[in-house]
Amino acid sequence: MKKFLITLLFLLAPVQVFAAQPLTPDQEQRAQKMVYDFLFNDPNSPRIGAKNPKLTLVVFTDYNCPYCKKFDPNLEKIVEKHPDVAVVFKFLPFRSESSLTAARDALTLWRQEPGQFMKLNHTLMAKKGYHDDASIQEAQKRAGVSVTTPDEESLMTIKRSLIVAEKMGIQGTPATLIGEGLLPGWVPFEQFDEMVSDALKNR
């Protein structure tokens, strides 16, 4: 745990230099807050839904994952049904190089034109099978957007997501943090909605 928190301190606060020694209680508390803020309040991670949510879901996803493609429509449906819910997107490009390329393009677009993110998300998720460079370009064209070169922050955001996901025990996608629980994989909307409703009752 200590080693994990030291790694996060370097990744989440790269401008600071920490000595190669055990974390102090203050540093450990700061690292834990950084993890929380990265999960729920990171401005570089796309989000939809409530501006001041009662409940924030965090979905770990991959544009080449067939179950992510199946689960993705549930995310917009859930924020439409529950106006006090928000969803944050974290990308885990587990499956191929094109997973990383698509995720970096989506994150870069979010930083440049956040209002256009969901258009690209839809077209990337609509592709059957794995993406390649041509299909990613086609998805951008269909969405009416253009990402010429992904920015460096997109790569750092993905690295942070991978580290946090590993510590949480996430080994595949999709995986969705709902309140205090983690939903691994895809479930029908009715089951997803029930889990979200239960989490809202506990808020």
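Analyst: Happy to. Helix α4 (residues 97–112) packs against helix α7 (residues 152–167) at an angle of about 115°, with the two axes 8 Å apart. Axes here are lines fitted to C-alpha atoms over the stretch in contact, and angles run from 0 to 180 degrees between N-to-C directions; helices are DSSP runs of H or I with at least four residues, numbered from the N terminus. This is a predicted model, where local features need pLDDT of at least 70, side-chain atom pairs count only at pLDDT 80 or more, and totals for chains, interfaces and linings use all residues. Residues are numbered from 1 along each chain as its sequence is written, and side-chain values use heavy atoms, leaving out hydrogens and water.

On the α4 side, the contact (heavy atoms within 4.5 Å) is made by Leu-100, Ala-103, Arg-104, Leu-107, Thr-108 and Arg-111, and they meet Glu-152, Glu-153, Ser-154, Leu-155, Thr-157 and Ile-158 of α7.

Thr-108 is buried, at 0% relative accessible area; buried means under 20%, exposed over 50% and partly exposed in between, using a 1.4 Å probe and protein chains only. Beyond its neighbours within four places in sequence, Thr-108 touches Val-147, Thr-149, Pro-150, Asp-151 and Ser-154.

Technical notes
Helices (H or I, at least four residues) and strands (E, at least two) are DSSP runs, numbered from the N terminus.
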